[in-house]
There are 2 protein chains.
Amino acid sequence: MTNKDARTPASTQKPTEASVGKEAGKSIGWHKAYVEGTRPGLRVPVRQVHLTNGQSVTLYDTSGPYTDPLVDTDVRRGLAPVRENWITARGDTEEYTGRPVRPEDDGIRHTSPRGGLRNLDAVFPGRPRQPRRGRAGGVSGAVTQLAYARRGEITPEMEYVAIRENVSPEVVREEIAAGRAVLPANVNHPETEPMIIGKRFLVKVNANIGNSAVTSSIEEEVEKMTWATRWGADTVMDLSTGRNIHTTREWVLRNSPVPIGTVPLYQALEKVDGRAEELTWEIYKDTVIEQAEQGVDYMTVHAGVRLAYVPLTAHRKTGIVSRGGSIMAAWCLAHHKESFLYENFGELCEILAAYDVTYSLGDGLRPGSIADANDEAQFAELRTLGELNRIARRLNVQTMIEGPGHVPMHKIKENIDLQQEICDEAPFYTLGPLTTDVAPAYDHITSGIGAAMIAWWGTAMLCYVTPKEHLGLPDRDDVKTGVITYKIAAHAADVAKGHPGAQEWDDALSDARFEFRWEDQFNLALDPDTAREFHDKTLPAEPAKTAHFCSMCGPKFCSMKISRSITERFGGTSAEGASAEEIAEGMLRKSKEFAEAGNRVYLPLTD
Amino acid sequence: MTNKDARTPASTQKPTEASVGKEAGKSIGWHKAYVEGTRPGLRVPVRQVHLTNGQSVTLYDTSGPYTDPLVDTDVRRGLAPVRENWITARGDTEEYTGRPVRPEDDGIRHTSPRGGLRNLDAVFPGRPRQPRRGRAGGVSGAVTQLAYARRGEITPEMEYVAIRENVSPEVVREEIAAGRAVLPANVNHPETEPMIIGKRFLVKVNANIGNSAVTSSIEEEVEKMTWATRWGADTVMDLSTGRNIHTTREWVLRNSPVPIGTVPLYQALEKVDGRAEELTWEIYKDTVIEQAEQGVDYMTVHAGVRLAYVPLTAHRKTGIVSRGGSIMAAWCLAHHKESFLYENFGELCEILAAYDVTYSLGDGLRPGSIADANDEAQFAELRTLGELNRIARRLNVQTMIEGPGHVPMHKIKENIDLQQEICDEAPFYTLGPLTTDVAPAYDHITSGIGAAMIAWWGTAMLCYVTPKEHLGLPDRDDVKTGVITYKIAAHAADVAKGHPGAQEWDDALSDARFEFRWEDQFNLALDPDTAREFHDKTLPAEPAKTAHFCSMCGPKFCSMKISRSITERFGGTSAEGASAEEIAEGMLRKSKEFAEAGNRVYLPLTD
C-alpha cells in the first residue's frame, strides 16, 4: 500500500507533487499536490502526507494556492481566475457595464474632507474586470450549475468536485439536479476552487469573518479568510457591517479560493443609516446586484420571516437572535406589511439565476436559547422556507436552508428530519447547534457537540462557532479554534456516515501512534503545529520523537509498548477463524517463547 | 421568583450563606452557602449566584471548603473529617493497627544515603490516624452503602446526596440498593463530601491526576486536585506511577473533598520493579489493603482481562491501550495462566467490603482507535465484567463498570445499551469516547462529543480527557480545559435527559443574556473568569458591561436589542391562544404604536 488514500482519495491517479510546502522547516512530511482531471487546466489540489514508512496519505485541501510554493501569490493582485475559461466556454454569459460603485456602498454618506468622492476603484488595485451575467433571462436562461445538471451536462466544476470527493461525476450531477446538493460558484468569482455541499458528500465547514462597527480592518479580514481556509474552512461568510463593506468584500473575493457568502441585508441597512423601516425592495435589490457583480457565491436571505410569525416570538425567552431576522421583523412591524423579501422572492430568483448565486435561506427565527428550540416560530418559518425552496428550485436557483442555533441534544434530530422533509432534501446548513447555554467562552464546544450529531444525521454544512461567540469578535486564534473544532465535528460525522475513505485518515494516524512514529502522527494531525508543541512541552528533545514510549506514562509503563510486544509475539498468527484449541495451543507456544526471551514486556529503546 | 433553583435546587430550604467568596474582587455575585439536612452537622454546600435583578440561582458545588472564607484550610493539616461521626455512630467498624508503611510503598527500594529508611510518617504532617475497617467479616458484615441500602437504611451520606440531587432520600436508597448507583465513600476517607454516581442522577465528571516517571511533584498533584474540583470535577483519580506514590496519595486524600480513585495495579507493578511477570496476588492484595487503609474510595480493577482474550487483541490496529490491561495481558502471557485478579475476585470483594471501597471494573481491552471499537476483545471483556458485577453485588460491594475509549458516533449507542444489559444497569463510567483519531491536541473535543452523547444515553460518570491526551502530561490549564469541556458534556446530557432543574441554569443565563445583564452572564457561566476576559478584550471599559448591545455587532446592529424592542412592544399580549383575527388586530395596533413612537428599533443606551 504505497498510496494510502485516506479520507478523500482524489482519484486512482497519483497526484502530481508541487514540491515541499512553503513552511518547509515546520512542515516536512506534507506537500501540496494536484490531481489532473480530463479537461485542460483542471487540476484538483490535495494535501499529500508522506509518512516515514514510505506510505502516503492524500487529504482534502482547502488552502488554495497559498500553500503551493510554485505559485507566487500577491494579495494586491488577487488569485488567478481558474474557472474563467470554463465560464466563457459555456457561451451563455456576457460582460456588461456594471452598476457604478457608489460611496454609500462603503458606508460613506458624505463627501470626503478634501472634497469629492473617494475613488473606490483604486482601493483594490487588482486587474479591472467587467461583471458578467447570463445572456438570456428567464428560467431557461439560468447560468446555474442546477440548470446545467438538469440538462444532463457535467460541467468542469462538477468534474472537479467529483475528483475532490472521490465519486463519479455523474453522482455529482444527479445530486445537484435533484436539489440535494449545491455547488456555489458565481460567474463573477472565477478564482474559486469548486466544492460541493450536500449530504451525499463530505460535511463542509463555514467560517464567518467580518468587521463590525466596533473593531477590525480590511487587511485583518483578508488575513482571517486565508487563515480560516488554511485550517480547513470550506466556505467563508463575510458578515462585515461597518465602514468599507464593499471594498473589504472585493479584497476578500479576489483573494479567496473558497466560495464567499454574505447577508446582503446588512449592507442594505447601512445604506439607510440603520433605520430598518426605511429599507425598500429597491435598495435591497440594488445591494444584491452590487454583490452579485462582485462575485458573492451564496447569499443568506431571510425571506421566511413573515409578518404573521413576528408575534410568535414575543414571548420567547430570547426573542429573535438573528440580525437579519430582527431587521425584517422590525420592518414588518413598522409597516404592518408582509416582508418585501417574501413578496419579491420570484424576482430575486431571477437575479440570482443570472449570476449563479446560491440561496442560503436564512433562519431568522432560529432559537437563541435551548428554551426556545423547536418552537412554533422556528417551525413556522421552516415551512415557509420549504415553500420558497420549491420556487427557487423551479427557477433553477441553487438553494440551501439554514438551521439553528441553540438546541438541546434530545431535540436535534427533529430539526434535520423536519428540514429534510419540508425542504425536499435541500442541503441543511446549520449553526452548531449549541447544546447548552451555560458555557460562554466555550461555545465552540457546546456547539461542536450538536454540530457533530446533526451532521451525522444529514446536515451538509456546519457554520462554525468560535470561543468568542456571545462575548466578542473572534481574533486569529479564535478563528483557528473554531475551524479546527468544526473540522473535528465534520470528520466525526463523515466517519459515522461511512463516507468512502473517511476512516482511512483515522486509521493512518492510529497506525502511526501504535508504531510510535511521532513525526507521522504530527503530520497527519488536523493541527500538526499544536500536536508537536504539546508533545515537546513534556519531551522536548529531538530523540524523544522517535522514542518508543509516550510522554504520559514514561518508558516503563507504556501500555502501547507492552501491547506491541504482545502483537509482535503473536505476529503472523491470526486469532480470527482459529478454533479454541488452536488458540490455546498457540498461546501456550507463544507463552514459552515469551519466557524463553526473558519475559521482556518492555522493548528496549534500541528495538 | 426569588430563589430560582437552577440545575440542582438543593431543597426547598433557603441555603445559609457563608458570606462572600474568597476571591471577592473577582467573584462578586456568587457565594458559598449550605443547605442543612435533618441530622446534626449535615450541611450540603452549594454555590449561590446572586443576580443583579434580585433573583438567585443555586448550583451544585464540588469545590469543598476551599471556597468557604469561614473555613481556614491548611494543606499540611488536611480537611476536617465531616463524615467521621456518621461512620463511628454506625458502630460496625473498628480502628486497628494498620499494615506498616514500607519504603517500597513509595517506590524506594534501597536505604537512603544517610543510612536507614526515610521516616514516611513524617511526610504528611497531618493528625495521625489509625485505619478503620468493618468489625465483622462476610457478606453480612460489609460496611458498604450498598449493604445499608439493602437493609433499608437511609444513611447520612444518602440524605446528603439526596439534598445535592434534589430528590428524595428514598430514591437514593433504592438506586443504590438496586446496584444502579454507587456512593463511593471509604470509611478511611471521612473528609469526603458524599456524592452519587448513577444514571438517575446528575452526570458526573472524573479528572485524572498523577505524576509519572518523567515529570511532576507531590505539591503539583494536590494543587491539580483542588484546581480540578474547583472547576467541577466530581471525583479525582490519582494515577501516579513514579516515586512517592504512597505519600502523594496520602496528601491528596487528606485534602480531597471528593472521592479519590486509583488503579492499585500501577503501584503493585512498582513494587516488582516494573516486571509484570513477577506480580503476584499477594503483592496486589497487599497494595489494595495499603490503599484501602489510606482511604481510596474506588479502585479500577482489570479483572476482566482473561487469558483467552489476549489473542483477540493481537490483530487490532492499536492492540491494548489500557496500562492495566496491558500489564495483566503480559502477566497472563508470561505464565500462560488465568488472571490472578479474576481467580481471586471473591477474596478481593471481601477486602473491599470491609472498607466500602467501590469497584470500578476496568476495561483493559477498550479500543484505542475507532478501528478497534466494539470488537470481539472489547465485548468479550464486557461480558466478563457483567459476571464479576453480579459476584460483587452479591457480596455487597458497590460496583461501576468502565467503558471506552475510541468509538465513532454510530457505534456509541451499542456500548451503553450492551453495558446496561450485560451489567444489570450498574453505573457506566466511560472515557470519552473519542469520536475520531485525527485530532491530537484536541482530544478533549473529539471525546467531549462522544461523552455528551453516551451520557445522554445513560452513562453515569465521564472520565475527562485533556488536550494533552496522547501527547503529554496535562498541566494546570489542561486540567481546567478538560474539566470544563466535560462539565459541558455532562450538563448537556442532564438537559437532554430532562434532569429536574437542569435547564433552569441555562434559562437563567439566557434571561441574563437577553436582558444585557453582563455581570449576571459572567457569574452564571461555567467559567466566569474566561467569559469576562473574552468580553473585556473587545469592550474593556466598565460601562460596556451594562451596555445594551453585544460586542459582536456593535450598538446599531444588535439583533437582541431589536428583538427586545419587539418583545416590549408586544409586551403583555400573549400570542398564544389568540385567534388569527386577534393577532392581526393586535399587530395593526402595535404597528401604529411603533410608528407613533418614531419607528425606533434601537433602544437608546439610556433606555
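In this predicted model, helix α13 (residues 376–394) of chain B packs against helix α14 (residues 412–422) of chain B at an angle of about 30°, and their axes lie 9 Å apart. Since angles under 35 degrees count as roughly parallel, α13(B) and α14(B) are therefore roughly parallel to each other. The crossing in which α13(B) passes α14(B) is right-handed. On the α13(B) side, the contact involves B:Gln378, B:Phe379, B:Leu382, B:Arg383, B:Gly386 and B:Arg390, while α14(B) contributes B:Glu414, B:Asn415, B:Leu418, B:Gln419 and B:Ile422.

Helix α6 (residues 218–230) and helix α16 (residues 476–496) of chain B cross at roughly 30°, with axes that come within 9 Å. That angle makes α6(B) roughly parallel to α16(B), and the crossing of the two helices is right-handed. Here B:Glu223, B:Lys224, B:Trp227 and B:Ala228 of α6(B) meet B:Arg476, B:Val479, B:Lys480 and B:Val483 of α16(B).

Turning to chain A, helix α6 (residues 218–230) has 13 residues and spans 19 Å from its first C-alpha to its last, close to the 18 Å expected at 1.5 Å a residue. Its buried residues are A:Ile218, A:Glu221, A:Val222, A:Lys224, A:Met225, A:Thr226, A:Trp227, A:Ala228 and A:Thr229. The partners against which these buried residues pack are β10 (204–209), β11 (235–238), α7 (245–254) and α16 (476–496) of chain A. Just after α6(A), A:Gly232 adopts a positive phi of about 120°.

On the scale of the whole chain, chain A comprises 21 helices and 17 strands, and 69% of its 607 residues count as buried. Among contacts in chain A with a separation of 6 or more, 74% join residues 24 or more positions apart. The largest nonpolar core contains 284 residues, and A:Tyr284, A:Tyr359, B:Tyr284 and B:Tyr359 have the most contacts inside it. Leaving aside residues up to four places away in sequence, B:Tyr284 touches B:Pro264, B:Leu265, B:Ala268, B:Thr300, B:Val301, B:Phe340, B:Leu341 and B:Leu348.

A:Pro194 sits in the loop between β8 (181–182) and β9 (197–198) of chain A, yet A:Pro194 is buried, with a relative accessible area of 1%. Not counting residues up to four places away in sequence, A:Pro194 touches A:Arg83, A:Trp86, A:Glu157, A:Tyr160, A:Val161, A:Arg164 and A:Leu183. The C-alpha atoms of A:Pro194 and A:Val258 are 7.5 Å apart in space, although the two residues are 64 residues apart in sequence.

The peptide bond from A:Pro404 to A:Gly405 is cis, with omega near 15°, and A:Gly405 lies in the loop between β15 (399–403) and α14 (412–422) of chain A. In chain B, a cis peptide bond joins B:Pro404 and B:Gly405, with omega of about 10°; B:Gly405 is found in the loop between β15 (399–403) and α14 of that chain.

Positive phi values occur at non-glycine positions as well. A:Asp273, in the loop between α8 (264–271) and α9 (281–294) of chain A, has phi near 55° and counts as partly exposed at 33% relative accessibility. A:His470, which is not a glycine, has a positive phi of about 75°. A:His470 is placed in the loop between β17 (461–463) and α16 of chain A and is buried, with a relative accessible area of 11%.

Technical notes. Residues numbered from 1 in each chain as written. Chains lettered and ligands numbered in written order. Predicted model: local features only at pLDDT ≥ 70, side-chain atom pairs only at ≥ 80, totals over all residues. Heavy atoms only, no water. Helix = DSSP H or I, 4+ residues; strand = E, 2+ residues; numbered from the N terminus. Expected span 1.5 Å × (residues − 1). Buried < 20%, exposed > 50% of the residue type's maximum accessible area, 1.4 Å probe, protein only. Contact = heavy atoms within 4.5 Å. Core = buried A, V, L, I, M, F, W, Y, C linked by side-chain atoms within 4.5 Å. Axes fitted to C-alpha atoms, helices over the stretch in contact; angles between N-to-C directions. Parallel < 35°, antiparallel > 145°, perpendicular 65-115°, else oblique. Left-handed = near helix turned anticlockwise from the far one by under 90°.
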